[in-house]
Amino acid sequence: MTVRPTVRARATAVSALLASSLLLVPLAGTAAAQPARVSPAVFAPRADGFDATALERALAEVPDGDVSAALIRVGGKGSWTGSAGVRDVRTGAPALQNARFRAGSTTKVVTAAVVLQLVAEKRVDLDAPVSRYLPDLLPPSFTEPPTVRHLLTYTSGLRPGASLGSTTEEMYAHRFETLTPEEVVAASVAQGPAHTPGERQVYGNIHYTVLGMLIEAVTGDSYEHQAAVRVFRPLGMRHTGFPGGPDPRIHGPHNRAYADIDGRTTDVTEWNMSDRWAAGDMISTTADLERLVFGLFGGKVVPRPLLDRMLTVPDVDGATYGMALQRFVIDGREVWGKTGSRPGYHTVLGATRDLSRTVVYSVNAKSARDDAFPLVQRFALPAFASRP
(Lines give C-alpha, C1' and ligand atoms only; values in the text may rest on other atoms or scores of the structure.)
Protein backbone atom coordinates (compact mmCIF):
# COMPACT_ATOMS: atom_id res chain seq x y z
CA MET A 1 0.00 0.00 0.00
CA THR A 2 1.27 3.44 -0.83
CA VAL A 3 0.34 6.93 0.23
CA ARG A 4 1.42 9.73 -2.06
CA PRO A 5 2.35 13.18 -0.72
CA THR A 6 0.84 15.16 -3.58
CA VAL A 7 -2.67 15.50 -4.97
CA ARG A 8 -3.24 12.21 -6.67
CA ALA A 9 -3.55 11.89 -10.41
CA ARG A 10 -6.60 9.78 -10.94
CA ALA A 11 -6.90 7.32 -13.81
CA THR A 12 -9.77 7.85 -16.20
CA ALA A 13 -11.14 4.77 -17.15
CA VAL A 14 -23.75 0.09 3.01
CA SER A 15 -26.18 -0.02 3.77
CA ALA A 16 -27.01 1.24 7.26
CA LEU A 17 -24.94 -0.30 10.08
CA LEU A 18 -27.53 -2.80 11.31
CA ALA A 19 -31.22 -3.54 11.29
CA SER A 20 -32.97 -2.99 14.60
CA SER A 21 -33.69 -5.92 16.88
CA LEU A 22 -34.74 -6.58 20.43
CA LEU A 23 -31.10 -6.41 21.45
CA LEU A 24 -29.94 -3.63 19.12
CA VAL A 25 -32.09 -0.51 18.87
CA PRO A 26 -31.26 2.67 16.89
CA LEU A 27 -32.04 5.77 18.89
CA ALA A 28 -32.85 8.29 16.25
CA GLY A 29 -10.37 -15.02 -9.78
CA THR A 30 -12.56 -18.22 -9.25
CA ALA A 31 -11.73 -20.80 -6.66
CA ALA A 32 -13.51 -24.12 -6.38
CA ALA A 33 -15.46 -24.58 -3.16
CA GLN A 34 -13.62 -27.44 -1.49
CA PRO A 35 -13.79 -28.76 2.05
CA ALA A 36 -11.18 -26.79 4.00
CA ARG A 37 -8.92 -28.10 6.72
CA VAL A 38 -10.42 -26.54 9.81
CA SER A 39 -7.90 -24.83 12.07
CA PRO A 40 -8.85 -24.48 15.72
CA ALA A 41 -10.03 -21.09 16.91
CA VAL A 42 -7.36 -19.12 18.76
CA PHE A 43 -8.27 -17.10 21.84
CA ALA A 44 -6.53 -14.72 24.21
CA PRO A 45 -7.61 -14.44 27.88
CA ARG A 46 -11.15 -13.25 28.41
CA ALA A 47 -12.10 -9.71 29.29
CA ASP A 48 -14.57 -9.22 32.11
CA GLY A 49 -18.25 -8.42 31.87
CA PHE A 50 -19.29 -9.69 28.45
CA ASP A 51 -20.36 -12.91 26.78
CA ALA A 52 -17.01 -14.30 25.61
CA THR A 53 -18.55 -17.77 25.46
CA ALA A 54 -20.84 -16.67 22.64
CA LEU A 55 -17.89 -15.29 20.66
CA GLU A 56 -15.88 -18.46 21.21
CA ARG A 57 -18.83 -20.52 20.04
CA ALA A 58 -19.20 -18.34 16.93
CA LEU A 59 -15.53 -18.73 16.05
CA ALA A 60 -15.63 -22.48 16.64
CA GLU A 61 -18.11 -22.72 13.76
CA VAL A 62 -15.74 -21.04 11.27
CA PRO A 63 -15.25 -21.88 8.44
CA ASP A 64 -18.79 -22.64 7.34
CA GLY A 65 -20.78 -22.28 4.15
CA ASP A 66 -20.57 -18.49 4.33
CA VAL A 67 -17.68 -17.35 6.54
CA SER A 68 -14.16 -18.50 5.68
CA ALA A 69 -12.27 -16.45 8.29
CA ALA A 70 -13.05 -14.24 11.29
CA LEU A 71 -10.81 -11.98 13.39
CA ILE A 72 -12.20 -10.31 16.55
CA ARG A 73 -10.73 -7.89 19.08
CA VAL A 74 -12.60 -6.85 22.24
CA GLY A 75 -11.20 -4.09 24.42
CA GLY A 76 -12.05 -1.70 27.23
CA LYS A 77 -12.12 -3.07 30.76
CA GLY A 78 -9.92 -6.02 29.92
CA SER A 79 -9.13 -7.35 26.45
CA TRP A 80 -9.85 -10.45 24.39
CA THR A 81 -8.94 -11.55 20.89
CA GLY A 82 -10.03 -14.48 18.80
CA SER A 83 -9.48 -15.76 15.28
CA ALA A 84 -10.60 -18.75 13.27
CA GLY A 85 -10.96 -20.05 9.75
CA VAL A 86 -8.73 -20.40 6.74
CA ARG A 87 -6.51 -18.10 4.75
CA ASP A 88 -7.37 -19.80 1.48
CA VAL A 89 -10.14 -22.34 0.88
CA ARG A 90 -7.98 -24.17 -1.67
CA THR A 91 -5.18 -24.95 0.76
CA GLY A 92 -6.94 -24.83 4.13
CA ALA A 93 -4.03 -22.82 5.58
CA PRO A 94 -5.04 -21.23 8.92
CA ALA A 95 -6.37 -17.68 8.85
CA LEU A 96 -3.81 -14.97 9.61
CA GLN A 97 -4.54 -13.09 12.84
CA ASN A 98 -2.68 -10.01 11.55
CA ALA A 99 -4.34 -10.03 8.14
CA ARG A 100 -4.96 -6.84 6.19
CA PHE A 101 -8.43 -6.44 4.71
CA ARG A 102 -10.68 -4.06 2.86
CA ALA A 103 -12.25 -2.00 5.64
CA GLY A 104 -15.02 -0.54 3.49
CA SER A 105 -17.11 2.25 4.95
CA THR A 106 -15.21 2.40 8.22
CA THR A 107 -13.09 4.71 6.03
CA LYS A 108 -15.76 7.36 6.63
CA VAL A 109 -14.71 7.61 10.29
CA VAL A 110 -11.23 8.67 9.15
CA THR A 111 -12.64 11.12 6.60
CA ALA A 112 -14.88 12.76 9.20
CA ALA A 113 -11.95 13.02 11.61
CA VAL A 114 -9.77 14.80 9.03
CA VAL A 115 -12.55 17.28 8.22
CA LEU A 116 -13.11 18.01 11.91
CA GLN A 117 -9.39 18.61 12.38
CA LEU A 118 -9.62 21.21 9.61
CA VAL A 119 -12.59 22.72 11.43
CA ALA A 120 -10.51 22.91 14.63
CA GLU A 121 -7.80 24.70 12.62
CA LYS A 122 -10.45 27.17 11.35
CA ARG A 123 -9.73 26.20 7.78
CA VAL A 124 -13.23 24.78 7.37
CA ASP A 125 -16.53 26.04 8.78
CA LEU A 126 -19.09 23.34 9.59
CA ASP A 127 -21.96 25.59 8.57
CA ALA A 128 -20.41 26.99 5.42
CA PRO A 129 -21.84 25.82 2.09
CA VAL A 130 -19.67 23.24 0.38
CA SER A 131 -19.50 25.61 -2.61
CA ARG A 132 -17.17 27.84 -0.55
CA TYR A 133 -14.50 25.14 -0.83
CA LEU A 134 -15.57 23.53 -4.12
CA PRO A 135 -16.98 26.45 -6.11
CA ASP A 136 -17.42 24.47 -9.32
CA LEU A 137 -19.10 21.48 -7.70
CA LEU A 138 -22.81 22.27 -7.86
CA PRO A 139 -24.93 23.38 -10.85
CA PRO A 140 -27.58 26.13 -10.55
CA SER A 141 -30.26 23.52 -9.71
CA PHE A 142 -28.82 23.51 -6.17
CA THR A 143 -30.43 26.75 -5.05
CA GLU A 144 -29.62 25.87 -1.44
CA PRO A 145 -26.15 24.27 -1.33
CA PRO A 146 -25.55 21.73 1.45
CA THR A 147 -23.13 22.67 4.20
CA VAL A 148 -20.13 20.73 5.43
CA ARG A 149 -22.22 19.61 8.40
CA HIS A 150 -24.90 18.28 6.06
CA LEU A 151 -22.29 16.17 4.27
CA LEU A 152 -20.87 14.81 7.51
CA THR A 153 -24.32 13.81 8.80
CA TYR A 154 -25.66 12.31 5.54
CA THR A 155 -28.30 15.06 5.25
CA SER A 156 -26.91 16.87 2.19
CA GLY A 157 -29.67 15.92 -0.23
CA LEU A 158 -27.14 14.67 -2.80
CA ARG A 159 -28.27 11.70 -4.85
CA PRO A 160 -26.13 8.57 -5.32
CA GLY A 161 -23.49 9.01 -7.99
CA ALA A 162 -22.26 6.82 -10.81
CA SER A 163 -21.41 3.21 -10.02
CA LEU A 164 -20.13 0.06 -11.68
CA GLY A 165 -23.14 -1.98 -10.60
CA SER A 166 -25.52 -2.40 -7.70
CA THR A 167 -24.90 -6.08 -6.92
CA THR A 168 -21.72 -8.04 -6.38
CA GLU A 169 -22.41 -10.00 -9.57
CA GLU A 170 -22.81 -6.82 -11.63
CA MET A 171 -19.72 -5.21 -10.15
CA TYR A 172 -17.56 -8.32 -10.56
CA ALA A 173 -17.53 -7.96 -14.34
CA HIS A 174 -16.11 -4.43 -13.92
CA ARG A 175 -13.79 -5.12 -11.00
CA PHE A 176 -10.64 -3.93 -12.79
CA GLU A 177 -12.20 -0.78 -14.24
CA THR A 178 -11.74 2.70 -12.79
CA LEU A 179 -14.52 5.14 -11.97
CA THR A 180 -13.00 8.32 -10.58
CA PRO A 181 -14.51 10.26 -7.65
CA GLU A 182 -15.03 13.20 -10.02
CA GLU A 183 -17.10 11.01 -12.30
CA VAL A 184 -19.08 9.67 -9.33
CA VAL A 185 -19.88 13.16 -8.08
CA ALA A 186 -20.61 14.62 -11.52
CA ALA A 187 -23.27 11.97 -12.09
CA SER A 188 -24.79 12.78 -8.69
CA VAL A 189 -25.06 16.54 -9.04
CA ALA A 190 -26.32 16.28 -12.62
CA GLN A 191 -29.52 14.76 -11.19
CA GLY A 192 -30.21 17.73 -8.95
CA PRO A 193 -30.93 17.53 -5.22
CA ALA A 194 -33.10 14.75 -3.80
CA HIS A 195 -34.36 16.98 -0.96
CA THR A 196 -33.60 20.22 0.84
CA PRO A 197 -30.37 19.96 2.85
CA GLY A 198 -31.01 19.00 6.46
CA GLU A 199 -34.52 17.70 5.72
CA ARG A 200 -33.75 13.97 5.75
CA GLN A 201 -30.89 11.67 6.69
CA VAL A 202 -30.03 9.26 3.87
CA TYR A 203 -26.89 7.18 4.33
CA GLY A 204 -24.66 6.96 1.27
CA ASN A 205 -21.12 7.14 -0.06
CA ILE A 206 -21.69 10.32 -2.05
CA HIS A 207 -21.50 12.61 1.01
CA TYR A 208 -18.03 11.36 1.92
CA THR A 209 -16.74 11.30 -1.64
CA VAL A 210 -17.42 15.04 -1.76
CA LEU A 211 -15.73 15.46 1.63
CA GLY A 212 -12.62 13.78 0.23
CA MET A 213 -12.60 16.33 -2.57
CA LEU A 214 -13.07 19.12 -0.02
CA ILE A 215 -10.06 17.89 1.99
CA GLU A 216 -7.89 18.00 -1.12
CA ALA A 217 -9.14 21.46 -2.09
CA VAL A 218 -8.54 22.95 1.36
CA THR A 219 -5.14 21.36 1.99
CA GLY A 220 -3.71 21.28 -1.52
CA ASP A 221 -2.67 17.74 -0.70
CA SER A 222 -4.00 14.27 -1.46
CA TYR A 223 -6.74 12.85 0.71
CA GLU A 224 -4.63 9.74 1.27
CA HIS A 225 -1.64 11.69 2.58
CA GLN A 226 -3.81 13.83 4.85
CA ALA A 227 -5.36 10.68 6.32
CA ALA A 228 -1.88 9.28 6.90
CA VAL A 229 -0.29 12.31 8.57
CA ARG A 230 -3.33 13.32 10.60
CA VAL A 231 -4.69 9.94 11.70
CA PHE A 232 -2.71 6.82 10.78
CA ARG A 233 0.79 7.91 11.78
CA PRO A 234 -0.09 9.70 15.05
CA LEU A 235 -2.06 6.64 16.21
CA GLY A 236 0.57 4.11 15.15
CA MET A 237 -1.69 2.58 12.47
CA ARG A 238 1.33 1.23 10.59
CA HIS A 239 -0.60 -1.30 8.51
CA THR A 240 -3.38 1.01 7.31
CA GLY A 241 -3.52 2.95 4.06
CA PHE A 242 -4.98 3.05 0.58
CA PRO A 243 -4.16 1.12 -2.59
CA GLY A 244 -2.00 2.91 -5.14
CA GLY A 245 -4.84 4.42 -7.17
CA PRO A 246 -6.60 1.61 -9.07
CA ASP A 247 -4.26 -1.12 -7.75
CA PRO A 248 -6.60 -4.10 -7.14
CA ARG A 249 -4.26 -5.95 -4.78
CA ILE A 250 -4.00 -6.10 -1.00
CA HIS A 251 -0.29 -5.87 -0.26
CA GLY A 252 1.06 -7.68 2.77
CA PRO A 253 -0.48 -10.60 4.70
CA HIS A 254 -4.18 -11.11 4.04
CA ASN A 255 -6.88 -13.76 3.98
CA ARG A 256 -8.58 -14.48 0.67
CA ALA A 257 -12.15 -13.26 0.17
CA TYR A 258 -15.00 -15.05 -1.58
CA ALA A 259 -18.45 -14.36 -2.97
CA ASP A 260 -21.08 -16.33 -4.85
CA ILE A 261 -20.93 -15.33 -8.52
CA ASP A 262 -23.34 -17.10 -10.84
CA GLY A 263 -23.76 -19.87 -8.29
CA ARG A 264 -20.03 -20.50 -7.85
CA THR A 265 -17.75 -19.68 -4.92
CA THR A 266 -15.44 -17.12 -6.49
CA ASP A 267 -12.26 -15.47 -5.21
CA VAL A 268 -12.93 -11.70 -5.11
CA THR A 269 -9.75 -10.60 -3.31
CA GLU A 270 -8.30 -8.63 -6.24
CA TRP A 271 -10.62 -5.71 -6.96
CA ASN A 272 -10.13 -2.05 -7.88
CA MET A 273 -12.15 -0.19 -5.22
CA SER A 274 -10.87 3.32 -6.03
CA ASP A 275 -14.37 4.59 -6.83
CA ARG A 276 -15.14 4.21 -3.10
CA TRP A 277 -12.12 6.38 -2.21
CA ALA A 278 -12.74 8.58 0.87
CA ALA A 279 -16.00 6.72 1.49
CA GLY A 280 -14.66 3.16 1.52
CA ASP A 281 -11.26 2.33 -0.02
CA MET A 282 -9.17 1.95 3.15
CA ILE A 283 -7.19 -1.23 3.87
CA SER A 284 -6.44 -1.95 7.52
CA THR A 285 -6.06 -4.56 10.28
CA THR A 286 -8.15 -5.23 13.38
CA ALA A 287 -5.31 -4.01 15.62
CA ASP A 288 -5.07 -0.73 13.70
CA LEU A 289 -8.82 -0.16 13.75
CA GLU A 290 -8.77 -0.75 17.49
CA ARG A 291 -6.11 1.99 17.73
CA LEU A 292 -8.43 4.24 15.74
CA VAL A 293 -11.34 3.58 18.11
CA PHE A 294 -9.30 4.28 21.24
CA GLY A 295 -7.62 7.32 19.71
CA LEU A 296 -10.85 8.85 18.46
CA PHE A 297 -12.99 8.28 21.55
CA GLY A 298 -10.04 9.17 23.77
CA GLY A 299 -9.84 12.66 22.25
CA LYS A 300 -6.46 12.13 20.53
CA VAL A 301 -7.76 12.59 16.97
CA VAL A 302 -10.52 15.19 17.19
CA PRO A 303 -10.71 17.86 19.95
CA ARG A 304 -13.34 16.85 22.50
CA PRO A 305 -15.78 19.71 21.74
CA LEU A 306 -15.83 18.58 18.11
CA LEU A 307 -15.99 14.93 19.16
CA ASP A 308 -19.19 15.86 21.00
CA ARG A 309 -20.57 17.21 17.72
CA MET A 310 -19.41 14.12 15.89
CA LEU A 311 -21.38 11.99 18.35
CA THR A 312 -24.57 14.02 18.09
CA VAL A 313 -27.49 12.81 15.98
CA PRO A 314 -29.07 15.72 14.04
CA ASP A 315 -32.62 16.75 14.86
CA VAL A 316 -34.08 15.03 11.82
CA ASP A 317 -36.96 12.59 11.96
CA GLY A 318 -35.66 9.02 11.97
CA ALA A 319 -31.97 9.99 12.09
CA THR A 320 -29.56 7.57 13.81
CA TYR A 321 -26.19 8.79 12.55
CA GLY A 322 -23.99 11.51 13.93
CA MET A 323 -20.95 12.25 11.76
CA ALA A 324 -19.85 8.97 10.14
CA LEU A 325 -20.84 6.88 13.20
CA GLN A 326 -24.27 5.48 14.08
CA ARG A 327 -25.85 5.43 17.52
CA PHE A 328 -27.37 2.30 19.07
CA VAL A 329 -28.49 0.86 22.37
CA ILE A 330 -27.19 -2.68 22.91
CA ASP A 331 -28.35 -4.51 26.01
CA GLY A 332 -29.05 -1.18 27.66
CA ARG A 333 -25.76 0.49 26.70
CA GLU A 334 -25.27 3.31 24.20
CA VAL A 335 -22.82 2.28 21.50
CA TRP A 336 -21.43 4.16 18.51
CA GLY A 337 -20.39 2.04 15.56
CA LYS A 338 -19.68 1.72 11.86
CA THR A 339 -19.63 -1.16 9.42
CA GLY A 340 -17.72 -1.59 6.21
CA SER A 341 -18.85 -3.97 3.49
CA ARG A 342 -16.95 -4.85 0.34
CA PRO A 343 -17.34 -8.03 -1.71
CA GLY A 344 -16.05 -10.81 0.52
CA TYR A 345 -15.11 -8.53 3.42
CA HIS A 346 -17.23 -7.31 6.33
CA THR A 347 -15.84 -5.04 9.03
CA VAL A 348 -17.24 -3.60 12.25
CA LEU A 349 -15.89 -1.12 14.76
CA GLY A 350 -17.86 0.00 17.79
CA ALA A 351 -17.43 1.41 21.26
CA THR A 352 -19.17 2.88 24.24
CA ARG A 353 -18.41 6.58 24.63
CA ASP A 354 -16.36 5.95 27.80
CA LEU A 355 -14.37 3.15 26.09
CA SER A 356 -15.43 0.66 28.74
CA ARG A 357 -16.13 -1.73 25.87
CA THR A 358 -14.90 -1.76 22.29
CA VAL A 359 -15.09 -4.29 19.49
CA VAL A 360 -13.47 -4.57 16.08
CA TYR A 361 -13.87 -7.45 13.68
CA SER A 362 -13.05 -8.49 10.17
CA VAL A 363 -15.06 -11.33 8.68
CA ASN A 364 -14.43 -12.87 5.28
CA ALA A 365 -17.94 -13.81 4.22
CA LYS A 366 -19.74 -14.46 0.98
CA SER A 367 -22.71 -12.60 2.49
CA ALA A 368 -20.59 -9.50 3.30
CA ARG A 369 -22.71 -7.17 1.17
CA ASP A 370 -26.04 -8.69 2.16
CA ASP A 371 -28.03 -7.96 5.31
CA ALA A 372 -25.31 -7.32 7.89
CA PHE A 373 -27.27 -8.28 10.97
CA PRO A 374 -26.60 -12.05 11.06
CA LEU A 375 -22.83 -11.45 10.95
CA VAL A 376 -22.93 -8.72 13.58
CA GLN A 377 -25.19 -10.83 15.77
CA ARG A 378 -22.59 -13.63 15.71
CA PHE A 379 -19.34 -11.70 15.93
CA ALA A 380 -20.01 -8.32 17.57
CA LEU A 381 -23.12 -8.16 19.75
CA PRO A 382 -21.81 -10.59 22.42
CA ALA A 383 -19.06 -8.08 23.18
CA PHE A 384 -21.68 -5.64 24.45
CA ALA A 385 -24.01 -8.15 26.03
CA SER A 386 -23.78 -8.81 29.75
CA ARG A 387 -22.40 -12.25 30.55
CA PRO A 388 -25.32 -14.60 31.29
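The model is predicted, so to speak of local features a pLDDT of at least 70 is needed, side-chain atom pairs count only at pLDDT 80 or more, and totals for chains, interfaces and linings use all residues. Numbering starts from 1 along each chain as its sequence is written, and side-chain values use heavy atoms, with hydrogens and water left out.

Helices and strands here are DSSP runs (H or I over at least four residues for helices, E over at least two for strands), numbered from the N terminus. Helix α2 covers residues 107-120 and helix α7 covers residues 223-232; the two pack at an angle of about 80°, with axes 10 Å apart. Those axes are lines fitted to C-alpha atoms, for helices over the stretch in contact, and the angles run from 0 to 180 degrees between N-to-C directions. α2 and α7 are therefore roughly perpendicular to each other. On the angle scale, under 35 degrees is roughly parallel, over 145 roughly antiparallel, 65 to 115 roughly perpendicular, and the rest oblique. On the α2 side the contact uses T107, V110, T111, A113, V114, Q117 and L118, and on the α7 side Y223, Q226, A227, R230, V231 and F232. Contact, here and below, means heavy atoms within 4.5 Å. Sorted by class, the contact of α2 with α7 has eight nonpolar, four polar and one charged residues. For those classes, Ala, Val, Leu, Ile, Met, Phe, Trp, Tyr, Cys and Pro count as nonpolar, Asp, Glu, Lys and Arg as charged, and the others, Gly among them, as polar.

α2 also meets helix α6 (residues 206-219): their axes come within 10 Å and cross at roughly 40°. The crossing of α2 and α6 is left-handed, a label used if the near helix is turned anticlockwise from the far one by less than a right angle, with right-handed for clockwise. From α2, the residues K108, T111, A112, V114, V115 and L118 meet Y208, L211, G212, I215, V218 and T219 of α6. The contact of α2 with α6 divides into eight nonpolar, three polar and one charged residues.

That leaves α6 against α7, where the axes come within 9 Å and cross at roughly 80°. α6 and α7 are therefore roughly perpendicular to each other. G212, I215, E216 and T219 of α6 make the contact with Y223, E224 and Q226 of α7. By class, the contact of α6 with α7 has two nonpolar, three polar and two charged residues.

T219 sits in helix α6 and counts as buried at 18% relative accessibility; the cut-offs are under 20% relative accessible area for buried, over 50% for exposed and partly exposed in between (1.4 Å probe, protein chains only). The T219 side chain reaches the backbone oxygen of I215 at 2.7 Å and the backbone nitrogen of D221 at 3.2 Å. Leaving aside neighbours within four places in sequence, T219 is in contact with L118, R123 and Q226.

Now over to H346, in strand β11 (residues 345-351). H346 counts as buried, at 0% relative accessibility. The side chain of H346 has a polar contact of 3.3 Å with that of S341 and another of 3.0 Å with that of Y361. A polar contact is a pair of N or O atoms within 3.5 Å; within protein, one must be able to donate a hydrogen and the other to accept it, and residues adjacent in sequence count only if both atoms are side-chain atoms. Not counting residues up to four places away in sequence, H346 touches several others, including T339, V363, A368 and L375.

S386 lies in the segment after α11 (373-379), and its C-alpha atom is 4.8 Å from that of F50, 336 residues away along the chain. Beyond its neighbours within four places in sequence, S386 is in contact with G49, D51 and D331. A52, in helix α1 (residues 52-60), is buried with a relative accessible area of 1%.

Finally, the backbone. The peptide bond from V62 to P63 is cis, with omega near 5°, and P63 is in the loop between α1 and β3 (67-76). K122 is not a glycine, yet has a positive phi of about 65°; K122 is exposed, with a relative accessible area of 76%.
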